[in-house]
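Hello,

Here is the structure we spoke about, with my notes below it. Please read the notes with the model open.

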2 protein chains.
Amino acid sequence: MAQLNNVTPLFKDLAKVEHEHNIACKECSLYRLCLPLGLHSNDLAQLDKIIKRSQSYSRGQALFSSDTPFKSIFVVRSGSFKTTVQASDGREQVTGFYFPGEFIGMDAIYEQAYKSSAKALESSSVCELPFEKLQEFGATMPQLQVQMMSRLSKELSGDKTLMFLLGKKTAEEKLATFLLSLSRRFQDRGFSARDFQLTMSRGDIANHLGLAVETVSRMFTRFQDEGLISLQGKAISLTDQDKLKQLCG
Amino acid sequence: MAQLNNVTPLFKDLAKVEHEHNIACKECSLYRLCLPLGLHSNDLAQLDKIIKRSQSYSRGQALFSSDTPFKSIFVVRSGSFKTTVQASDGREQVTGFYFPGEFIGMDAIYEQAYKSSAKALESSSVCELPFEKLQEFGATMPQLQVQMMSRLSKELSGDKTLMFLLGKKTAEEKLATFLLSLSRRFQDRGFSARDFQLTMSRGDIANHLGLAVETVSRMFTRFQDEGLISLQGKAISLTDQDKLKQLCG
DNA sequence: AACGCGCATTGACCTGGATCAATTATCAGT
DNA sequence: ACTGATAATTGATCCAGGTCAATGCGCGTT
């Protein structure tokens with residue numbers, strides 16, 4: 001696991017990465033964040049063969065929805081996605097945002113059916129992992145199973161944190177927490193923790209945090225007035241991360 | 001998997017089950033709901049050996065908390081538990097209630113540390129599964145890994161549903177949904193879907209649903225006035241399940 | 001450059017559920 | 001059976017954040 005200490009810039013050239021659809025796992029800039037971490041190189045080569053590296057999805061396009069038959073889980077390769085669950089009356093909840101190296105669709109394993117849907121927030125691409133094959137491989141690659149469980153557990157843990165946020169935090173705390181969560185994830189991917197793009201709409205943010213769009217908008221202007229952030233359109237800059245951290249509770 | 005079709009009463013004698021701490025998995029009344037489902041009998045025998053069948057926990061006693069070193073995941077054997085996450089300022093969120101056959105502690109796998117804590121709601125007992133051993137066994141029992149992933153995924157899926165509840169539902173919808181969720185789980189365990197005990201306090205319910213105790217109390221009295229439920233203390237009876245279902249949204 | 005459209009902001013007002021406060025049950029321990 | 005502590009109910013009031021409405025902005029299209 002020496003790679004973990006060997007932190008290098010992940011995206012020397014984002015545009016280049018976006019077009020290298022058929023790059024092998026071991027050459028992939030996301031390797032450090034991704035499923036194959038810890039696999040032996042011959043196992044990795046096998047895994048490589050079953051991964052379908054998809055063409056890109058454009059803004060708003062669905063990766064899957066609740067009526068898509070379950071076959072695969074996905075890893076974001078470039079861009080970003082949102083997942084939602086919806087009730088029969090049309091209400092929907094944005095359950096998460098997903099960035100490169102993050103997994104989508106793991107909640108479908110149990111029922112062997114997607115009960116949520118996933119949409120691209122911008123021009124994005126994914127690696128598709130056929131679940132049945134993944135299961136087969138698991139029998140001979142215990143390390144792969146460990147990685148999968150670890151991923152599942154990580155998401156579970158994140159969901160508990162979100163439940164706390166939804167159930168107990170104020171609008172101010174929710175938004176501060178959200179911004180710092182994005183920041184941390186961008187940083188993990190070799191981007192700036194301070195300046196980044198909000199690829200999702202205000203509406204998506206509000207929905208995800210259990211707030212109204214207007215509240216998010218007002219809170220953004222307040223954070224700006226107080227010098228915590230600077231915002232133009234979708235570009236945000238966290239100008240006072242320490243104070244933001246204090247607001248999280 | 002013929003067992004799935006062979007539904008028999010699970011708890012002929014609850015008191016008896018509670019005291020049979022060392023009953024083997026294949027004799028256990030929870031077998032149908034539990035991890036070993038689908039394992040070959042010699043694998044099962046092996047698994048049996050590593051399971052620690054604990055003495056019982058009394059009301060309020062902690063199964064683990066965030067400072068307990070992570071070693072095991074747990075399956076409820078009898079009774080019930082709640083799990084909570086808490087912030088440094090003392091606020092806490094009840095993230096779930098757990099009944100016989102349900103797993104506790106899976107969100108700790110990723111960080112190899114419990115970030116939540118679990119407390120018994122009544123006199124209860126668990127089966128303790130040492131995680132390291134479970135990993136070892138996984139290498140030779142792919143079916144066990146499948147079961148584990150399936151469990152993790154199930155909880156993930158439930159969490160998404162809860163996020164919707166917390167983010168989008170009204171107090172009325174929250175409570176109706178909660179009661180029916182309990183009802184369904186009791187039914188799965190061979191108990192009445194109509195009459196059961198609320199082993200958790202009103203405070204726990206309120207906290208879990210992102211409400212104030214007073215709101216839960218008022219809603220309970222309203223549901224009673226409208227003839228949807230009948231409540232005395234912790235004993236509840238869902239007298240109009242259909243109408244409750246309509247209230248869920 | 002003018003148009004159209006969805007997204008975002010801002011203001012005014014309203015309300016579901018929180019908070020505060022006061023009883024009243026429940027129940028565990030002696 | 002008594003008793004103190006804790007949990008639950010009920011009522012009165014308040015407010016964070018939702019809803020409604022109007023306007024403004026950015027951006028892709030022709």
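**Helix packing in chain B**

In this predicted model, helix H5 (residues 171-188) of chain B and helix H6 (residues 202-209) of chain B have axes that come within 10 Å and cross at roughly 115°. H5(B) is therefore roughly perpendicular to H6(B) (angles under 35 degrees count as roughly parallel, over 145 as roughly antiparallel, 65 to 115 as roughly perpendicular and the rest as oblique). The contact involves B:Lys174, B:Leu175 and B:Phe178 from H5(B), and B:Ile205, B:His208 and B:Leu209 from H6(B); contact means heavy atoms within 4.5 Å. The axes are lines fitted to C-alpha atoms, for helices over the stretch in contact, with angles from 0 to 180 degrees between N-to-C directions. The crossing of the two helices, H5(B) and H6(B), is right-handed, that is, the near helix is turned clockwise from the far one by less than a right angle. Helices (H or I, at least four residues) and strands (E, at least two) are DSSP runs, numbered from the N terminus.

H6(B) is largely enclosed by the rest of the structure, because six of its eight residues are buried (under 20% relative accessible area; exposed is over 50%, partly exposed in between; 1.4 Å probe, protein chains only). These are B:Asp204, B:Ile205, B:Ala206, B:Asn207, B:His208 and B:Leu209. Their cover includes helix H4 (142-168) of chain A, and from chain B strand E4 (81-86), strand E5 (92-98), helix H4 (142-168), H5 and helix H7 (213-225). Just after H6(B), B:Gly210 has a positive phi of about 70°.

**Ser117 in chain A**

A:Ser117 is in strand E7 (residues 117-120) of chain A and counts as buried because its relative accessibility is 7%. Beyond its neighbours within four places in sequence, A:Ser117 contacts A:Phe64, A:Ser65, A:Ser66, A:Lys82, A:Thr83, A:Thr84 and A:Gln86. A:Lys82 is 35 residues away along the chain, with 8.3 Å between its C-alpha atom and that of A:Ser117. The side chains of A:Ser117 and A:Gln86 make a polar contact at 3.3 Å (a pair of N or O atoms within 3.5 Å; within protein, one must be able to donate a hydrogen and the other to accept it, and residues adjacent in sequence count only if both atoms are side-chain atoms).

**Conventions**

Residues are numbered from 1 along each chain as its sequence is written, and chains are lettered from A and ligands numbered from 1 in the order in which they are written. Local features need pLDDT of at least 70, side-chain atom pairs count only at pLDDT 80 or more, totals for chains, interfaces and linings use all residues, and side-chain values use heavy atoms, with hydrogens and water left out.

Regards
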